[in-house]
Amino acid sequence: EVLEVSLPGNQISLQVTGAQLDCRPEFRDGELAGLHLTSRVNAQLRQWEQAPTAREREEISQQAQRQLEGKLRAALEQMRLWKAECVGIGSRVAIAAPWHWDRLEPRWQEVFAAANYDLNVKVSLG
């Protein structure tokens, strides 16, 4: 994934070099009440007009974070619409709460499609 970020007088390209999705499920009365998702993304600056300052690097990270959050939300919503969770969130729920997974697994796609979630994206520039 290549992202473009604009700063006053500077156009910057970044390349995503790695990502990890963390999932913390929340249960109430044995049912999935929500998913707390955190995506940790590593990115490298690839092109720029002027080498960014430390302050500009923070702004670059924030802009990249907003862009990626929008893309990830769109992808999650499409998976929920299709009832096709295909990125391993269910596996993470199973690991985090195996005592609930036996009941959730047969209906995971429907549970995922209806689950409340929050998403936090954190971008680290290398």
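Me: How do you know how far to trust the coordinates?
Reply: This is a predicted model, where local features need pLDDT of at least 70, side-chain atom pairs count only at pLDDT 80 or more, and totals for chains, interfaces and linings use all residues. Residues are numbered from 1 along each chain as its sequence is written, and side-chain values use heavy atoms, with hydrogens and water left out. pLDDT is the predictor's confidence in each residue, from 0 to 100. The chain averages 95, and 100% of the residues score at least 70.

Me: Where is confidence lowest, and where is it highest?
Reply: Helix H3 (residues 98-104) is lowest, at a mean of 94. Strand E4 (residues 117-125) is highest, at 97. Helices (H or I, at least four residues) and strands (E, at least two) are DSSP runs, numbered from the N terminus.

Me: Why is Arg 80 called buried?
Reply: Its relative accessible area is 15%. Buried means under 20%, exposed over 50%, and partly exposed in between (1.4 Å probe, protein chains only). So Arg 80 counts as buried.

Me: What surrounds Arg 80?
Reply: Arg 80 lies in helix H1 (residues 54-82). Leaving aside neighbours within four places in sequence, Arg 80 is in contact (heavy atoms within 4.5 Å) with Phe 112, Ala 113, Ala 114, Ala 115 and Tyr 117. The Arg 80 side chain reaches the backbone oxygen of Ala 115 at 2.4 Å.

Me: What makes Lys 71 and Glu 1 a salt bridge?
Reply: The term needs a side-chain nitrogen of Lys or Arg within 4 Å of a carboxyl oxygen of Asp or Glu. Here the N to O distance is 2.4 Å. Lys 71 is in helix H1 and Glu 1 in the segment before strand E1 (2-7), so the pair ties together parts 70 residues apart in sequence.

Me: Why are Lys 71 and Glu 1 called partly exposed?
Reply: Lys 71 has 41% relative accessibility. Glu 1 has 49%.

Me: What separates Glu 69 from Arg 73?
Reply: About one helical turn, because they are four residues apart in helix H1.

Me: How many salt bridges does the rule give?
Reply: Eight. Glu 31, Arg 103 and Arg 107 are linked in a network of them.

Terms used: A polar contact is a pair of N or O atoms within 3.5 Å; within protein, one must be able to donate a hydrogen and the other to accept it, and residues adjacent in sequence count only if both atoms are side-chain atoms.
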